[in-house]
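Hi everyone, thanks for making time this morning. Please have a look at the sequence and the structure on the screen, and then I'll walk you through a few things I found in them.

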Amino acid sequence: MNLAKKHYGTIACSPHIMEIDGFEQLANLAMDLRWSWNNAADDLWEALDPALWEQSRNPWLILQTVSGEQLQRQLSSPSYRARLDDLTRAQEEEDEEVSWLKRTYPDTPLKTVAYFSMEFMLSEALPIYVGGLGNVAGDQLKSASDLGVPVIGIGLLYQRGYFRQYIDEYGSQLAYKPFNDPGQLPISPLRMPNGEWLRIEVFMRGRPLWIRAWEARVGRVRLFLLDTNDSANLPEYREITGETYGGGSEMRIMQELVLGIGGWRLLEHLGIEPDVCHLNEGHAAFAVLERARSYMEKTGESFDVAMAVTRAGNLFTTHTAVAAGFDLFEPALVTRYLGDYAQHSLRISLDALLAMGRHVPSDPYEPFNMAYLAVNGSRWVNGVSKLHGRVSRHLFEPLFQRWPTEEVPVSHITNGVHMPSWESDAADRLWTDASGKDRWKGTTEQFEQAILSLSDERIWAMRNEARTGLINYIRQRSASMLTAYGAPEQQIESARRMFDPNVLTIGFARRFVSYKRPDLLLEDPIRLTRLLTNYQQPVQLVIAGKAPPTDQGGVELIRRWIQYIHNSGLSAHVVFLPDYDMLLATHLVGGMDVWLNTPQRPWEASGTSGMKVLVNGGLNLSELDGWWVEAYKPEVGWALGDGLEHGYDPALDKQEAEALFSIIEGQVAPEFYSRNGDNIPKTWVDRVRKSMSSLTPTFSSNRTVRDYTEKYYIPAMELYHTRSAHNSEVGRRIVQWKGEMDQQWPWLRFGQMSVTDHAEEGKHRIEAEVFVDKMDPASLSVEVVAGAQGSGVLFRQEMTASPGQAEGWVKFSATVPDNRPSGDYTPRIVARSGEVAVPLEYKRILWQH
């Protein structure tokens, strides 16, 4: 579908403004969120309105509000106009340059990856995010643009973004939810060639729901945002996209229906046929149903064939570390919202639909699990760190009953962050000198040697500049907030002098929830005071973060910190910065010496906040959880904990608090303050150099997106095309094969089993008889299996078939090592198919008893 072009925002600027020569160039730059990580145009926006730019970081808002006289004045300046022309030309050249994908895979037919997520964190100018999930989604879109991977994002446009935080005089968090005026956001309505707004109709509970569509440009990538605040909708429907994760279960299921079903229908209306559907968490899992329905409509195939074909191109990324984090809906609620859809659109029974979200399909009382639907509708499933992959295999065990945990089909790709979005100006200059301006548009193997070759003086100068920049920002932000609160001038002036740019600065900025343990240092407030006020090795501490408004435990954690700061009188050494958002996070990660992370293992699926300091030469002191399990080596940072899971244990918190103090007092602070003759902390700088060189490229979203492309996107695209080719020939064959296996499987059984020891050869010989009836033994894999030992690897060896003594019987045998008792080995039967992923797509298994 051809769309109308050149619609800047939802409301037009005044005709006088739009007629000024150069406005269109500025508008084109402002509506491309590439400026959120490429700061080359910052001076243009700052020149138009310095105060508003500092406050909003929103170029489109500035163009909406600037006077015609001021705009004309700047555009009449030869230097301003030359700068604008240079940036316009650079943008056009970047769009046309040959990308990493085309250089590496010049013949790939990969056209579109549809990336569904409930939130995207791209810029503080587009506040439609809450935290980590949106951070991952936004950073991956940015890297997809850098690398030329054809991703299209699909999300929701919330009328109210995540709350703004205010701390009152008692230390209590107050939450405010300002309205997102679409006319001031860097987004454009999707319009038809005749100018009509593109609206998608979805029926919900038998009534029409109109979904409006918006577009955000993210460099070479597009993000489509869905919005139900349409005057034609019922009031309750207009509120569906009211706020992130708002309301109870009924609101949540409506949001997820809009995202999954509405999102896929939008792509259909636009004539976009994705090769791959990437579900960023289970919230979007209804998209797998709509993709199958769309395929049914186009081909006339049954739901089973459509699912067999389309799931080949579906990837599910789970971010959840505990089962309680999965979205669950009561069967009655699913019936209410999806009963007609199942019967009339998918042409399956409601029970068949409910079974896709249950681990016991026949249990009428089991809630419908969105993560289970995502697994059952996908061919590829991954966690977001190596540890989280293992945790996820345990979480999804109920779907693969009688399968060993090690074989639950969940892999992992560790998250990374978009380094250009999080690097300080000082770090950007250092990296540009070392690795070039376009360093994040290709592979990163050359980075390590480039950083290792930098001198101590250069690295330490960068760190001093970045820390000083952070301290200046903290002073300015604190003074501005106190002024706004009407504080006494003396207190405001004190804020302008707070902190010391030469002092070791440690930061903690996360969501304030109990499992992240943001109060671990408050386990011993007296020792904390001594640490902060040590005359020879002082420490200054920066705290930030929001507690979910309904989480009173998290709100109390914030109050504890505020009370400590007030009661101790240490505002010159420790500060809590309210209203943690993307802009504040950028400043914090840019200047912090040490990033503190103290989650209760294994609740941190990946974590990305500590990754953001890597590019800036910050160091991590973190619990051995999430990404830090893979990253940690003694020469790049410090580790807390023993790397084991202990559950909730207040005694453990005290032990780890003691260990945390000991690390800071005995290792971190002494290393920071131990200087050579040039006043450089040589050991510290060596650690910074090793962290920057080895960890920055590894934990970048550049690496993550390349991993997704090579491990999932290209193979998923190829498999989807294979299954859909020739009128769904492979898809039909898979459905037929499954039906035949289901009919014949109940007749399978083991007969006699014998074990012979061959000690001289160091072997056991295991033989087992299997009744296969009329099944082709080639469709089965009979294996000997033994549980994982010290290596953590499951032992599995296929057995060899030979004719049995009676009709329908086949003898299977295998020779296995005798380094463990023969009783450890157990034969089993699983399905064998070159076209089906076992057990993800076919779960039956039979063990010898």
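So, let me start with a question: what share of the contacts in the chain with a separation of 6 or more comes from residues 24 or more positions apart? The answer is 73%. Do keep in mind that this is a predicted model.

Now the overall picture. The chain has 849 residues, and 59% of them count as buried. There are 29 helices and 28 strands. Along its principal axes, the C-alpha trace spans about 95 × 70 × 50 Å. A compact globule with 849 residues would have a radius of gyration near 29 Å, and the chain agrees with that because its own value is 29 Å.

Let's go inside. The largest nonpolar core has 128 residues, and F116, F286, L289, F396 and Y713 are those with the most contacts inside it. Helix α11, residues 249-269, gives the largest share of this core, ten residues. Apart from it lies another core, of 99 residues, and M121, A487, V539 and I663 are among them.

I'd like to stay with F286 for a moment. Leaving aside residues up to four places away in sequence, F286 touches I253, E256, L257, G260, I261, L338, F368, M370 and L373.

Where does α14 bend? At L338, by about 60°. L338 is also one of the buried residues of α14, a list that includes P331, Y337, G339 and L346. Just after α14 comes R347, with a positive phi of about 60°.

Last stop: A292, in helix α12, which runs over residues 286-299. Is A292 buried or exposed? A292 counts as buried because its relative accessible area is 0%. Again leaving aside residues up to four places away in sequence, A292 touches F303, A306, M307 and T310. P367, by contrast, is 75 residues from A292 in sequence, and their C-alpha atoms are 23 Å apart in space.

That's my tour, and I'm happy to go back to any of these places on the screen.

Notes:
Residues are numbered from 1 along each chain as its sequence is written. This is a predicted model: local features need pLDDT of at least 70, side-chain atom pairs count only at pLDDT 80 or more; totals for chains, interfaces and linings use all residues. Side-chain values use heavy atoms; hydrogens and water are left out. The bend at a residue is the angle between axes fitted to the seven residues ending there and the seven starting there. Helices (H or I, at least four residues) and strands (E, at least two) are DSSP runs, numbered from the N terminus. Buried means under 20% relative accessible area, exposed over 50%, partly exposed in between (1.4 Å probe, protein chains only). A nonpolar core is a set of buried Ala, Val, Leu, Ile, Met, Phe, Trp, Tyr and Cys residues joined through side-chain atoms within 4.5 Å. Contact means heavy atoms within 4.5 Å. The radius of gyration is taken over C-alpha atoms; the globule rule is 2.2 Å times the number of residues to the power 0.38.
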